[in-house]
Amino acid sequence: MPRYRLTFSKSGYVRFTSHLDMIRLFERAFRRAGIELEFSQGFNPHPKMVFAQPLPLGYSAEEEIVEIDTAEEYDLKDLLARTDAEMPDGIVIKTVRETEKKKKTVAADCFAADYRIEIESSSPDKLADAASELIAADHFVVTKKTKRGERDMDIRPMIRSLDYSIQDNKIILSTKLDTGSRSNLSPQQVTEAISRLSKSEIPPENIEISRLKLYV
């Protein structure tokens, strides 16, 4: 049976939809569109649908990825049009293509992502200096909370690139971060590092984050 890779954007109020609810949303949309998904075997069968990476609550996105296995073949344009028509405001299906079936999922193949981080601040120059200091450093160790307790983690190798610009009372960060099962860094950890270096408190409501692209 064929496998299709869909890319979609997420914006507006729907960005406050959790990943679990996004899975349900897509399942219902495919059902309403008449797209028959293939199901797993066993006592608890579920649709064969995999997102490349969960998107944290509140993030917008330009090009998220979901792969589906279907019970029959579909015309690509028809699959896109039918699925997009069933999506709520804020979700737009952008592309659909057929892809080969592999043992590894698209989630396992994901290794990096581009992000845009906007921080509103009364002193954006101070945050810019901190961003420059972070990218110039060889190491930057933070304490990460896990289920097993706290552990130190060097986040600097996980930052593949980091640039910034200042517009009025905002600093806009453009960064590529490790993203995936092998190595994963949250944009929030980058803003926390900048907050620490600048000795400035950054209220969460002053931060807007958008994931622009996933690399697989």
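Modeller: Phe8 has a relative accessibility of 2% and therefore counts as buried; buried means under 20% relative accessible area, exposed over 50% and partly exposed in between, with a 1.4 Å probe and protein chains only. Phe26, at 0%, is buried too. The model is predicted, so local features need pLDDT of at least 70 and side-chain atom pairs pLDDT 80 or more, while totals for chains, interfaces and linings use all residues. Residues are numbered from 1 along each chain as its sequence is written, and side-chain values use heavy atoms, leaving out hydrogens and water.

The whole structure has 5 aromatic pairs, that is, rings of Phe, Tyr or Trp (its six-membered ring) with centres within 6.5 Å; planes under 30 degrees apart are stacked, over 60 edge-to-face and the rest tilted. Phe8 and Phe26 make a tilted pair, because their ring centres are 4.9 Å apart and their planes stand at 55 degrees. Phe8 belongs to strand 1 (residues 3-10) and Phe26 to helix 1 (residues 19-33), so this pair ties together parts 18 residues apart in sequence. Helices here are DSSP runs of H or I of at least four residues and strands are runs of E of at least two, numbered from the N terminus.

Phe26 also pairs with Phe51, this time edge-to-face, with 5.3 Å between centres and 85 degrees between planes. Since Phe51 lies in strand 2, that pair joins helix 1 to a part 25 residues away in sequence. Phe51 is buried, as is Phe26. Together with Phe30, the residues Phe8, Phe26 and Phe51 form one aromatic cluster.

Helix 1 also carries a charged pair. The side chains of Asp21 and Arg24 meet in a salt bridge at 3.0 Å, N to O; the term requires a side-chain nitrogen of Lys or Arg within 4 Å of a carboxyl oxygen of Asp or Glu. The two residues are 3 apart in helix 1, which means about one helical turn separates them. Both are partly exposed, Asp21 at 34% and Arg24 at 39%.

The structure holds 14 salt bridges. Another one joins Lys48 to Glu38 at 3.6 Å, N to O. Lys48 and Glu38 both lie in the loop between helix 1 and strand 2, so the bridge ties together parts 10 residues apart. Asp178 and Arg160 form a further bridge, with the closest N and O atoms 2.6 Å apart; it links strand 9 to strand 8 across 18 residues. Asp178 is buried at 9%, whereas Arg160 is partly exposed at 46%. Shared partners join Arg3, Glu38, Lys48, Asp69 and Lys101 into one salt-bridge network.
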